[in-house]
Amino acid sequence: MTEALSLLLVAPPGAGKGTQAARLAAHYGIAHISSGELLRKNVSEGTGIGRIVAGYLARGDLAPDELVIEMLTVPVLEAVREGGFVLDGFPRTLRQAQEAQRVARQFGGIQLQAVIHLAVEREELRRRLLARAAREGRSDDNEETIAHRLEVFDAETDPLLGSYAERGLLVGVNGEQPVEQVFSDVVTGVDRRRAAHRRHSGPGDASSPLKGPV
Ligand code: AP5
């Protein structure tokens, strides 16, 4: 059986995760799973998860780890059976990364092939999100919440990138270029990582807190 393609997109709010994940999913024929989209869907449908997380999303805080994991486990496992996934916006905390690794082990053989990071300066992130607020009115796109989401990214999520870099999984791309150029650079980086993965398939650096499959 061909191994499923497993990609993560870890980047700050407004960096272009959703934009690039949709293109990557179409390009590789894999599922696009967005933790933020799924959370917003739960909120709009008034599910049990949605009622709990609504306040977190409105403030720009991270939803509780256990709820996010619970929400993502089934879609990710389904996507693995169907060829793979690009996970947009997950993991965001060390606990999420470790829990994903535990689930991957439990259900067998989900090998992470690349973690994509899009680098964009703070001012450009604010500009994009405020422009989107004016266009689309997403409720967490306002000055105060944007500032908080960026702080949360710096405190909780950015520290994960070092461990992925140590494991040789990180594909870092300049996210300030036009969308098509960003996409082309991401695909080049991912294809290089996949070729390397095929040559040296195996677990990561044993000293990393994120060692192992995901
Ligand atoms: P989430 O939905 O993940 O939002 P986010 O991280 O704030 O990211 P955005 O959707 O704002 O931006 P993006 O990077 O996807 O960029 P996009 O492509 O849209 O999370 C929302 C909330 O849900 C979180 O705050 C948290 O509360 C919760 N949550 C989500 N995941 C969680 C998790 N794992 N754990 C706990 N809580 C979680 O682009 C942005 C704009 O820029 C668009 O208008 C786009 O057209 C434009 N753009 C994109 N690329 C370019 C480019 N190259 N040049 C110019 N403009 C561009």
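Q: Two strands pair if DSSP finds at least two bridges between them. Which residue of E5 stands opposite Ala119?

A: The model is predicted. Strands of a sheet pair through hydrogen bonds of the backbone, in a parallel or an antiparallel way. In this structure E4, residues 114–119, and E5 run parallel and are joined by five bridges. Asn174 in E5 is the residue opposite Ala119, and Val173 in E5 is opposite Leu118.

Q: In what order do the strands of the open sheet lie?

A: The order is E2-E3-E1-E4-E5, five strands with parallel pairing. E2 and E5 are the edge strands, each pairing on one side only. From one strand to the next the twist averages 20 degrees. H9 packs on this sheet and touches E1 (5–9), E4 and E5. The direction of H9 makes about 160 degrees with that of E5.

Q: Is His32 buried or exposed?

A: The cut-off for burial is 20 or more other C-beta atoms within 10 Å. His32 is buried because it has 20 C-beta neighbours inside 10 Å. His32 belongs to strand E2, residues 31–34. Apart from neighbours within four places in sequence, His32 is in contact with Ala21, Ala22, Ala25, Val86 and Asp88. Between His32 and Gly84 there are 52 residues of sequence separation, and their C-alpha atoms are 9.1 Å apart.

Q: Why does Gln177 count as partly exposed?

A: A residue with 12 or fewer such neighbours is exposed, and one with 20 or more is buried. Gln177 is partly exposed because 15 other C-beta atoms lie within 10 Å. Gln177 sits in the loop between E5 and H9. The C-alpha atom of Gln177 is separated by 9.2 Å from that of Val120, although the two residues are 57 apart along the chain.

Q: What kind of peptide bond joins Phe90 and Pro91?

A: Most peptide bonds are trans. Phe90 and Pro91 are joined by a cis peptide bond, with omega about 0 degrees. Pro91 is in the loop between strand E3 (84–88) and helix H5 (94–107).

Q: How many residues surround the ligand, and which helices each supply at least two of the shell?

A: The ligand has 31 residues around it, and the closest are Pro13, Gly16, Ser35, Gly36 and Gly89. H1 (17–28), H2 (35–45), H3 (48–59), H6 (122–136) and H9 (179–199) each supply at least two residues of the shell. The shell is made up of 14 nonpolar, 10 polar and seven charged residues.

Notes. Residues numbered from 1 in each chain as written. Predicted model: local features only at pLDDT ≥ 70, side-chain atom pairs only at ≥ 80, totals over all residues. Near = placed C-beta within 6 Å. Helix = DSSP H or I, 4+ residues; strand = E, 2+ residues; numbered from the N terminus. Nonpolar A, V, L, I, M, F, W, Y, C, P; charged D, E, K, R; others polar. Contact = placed C-beta atoms within 7 Å. Axes fitted to C-alpha atoms, helices over the stretch in contact; angles between N-to-C directions.
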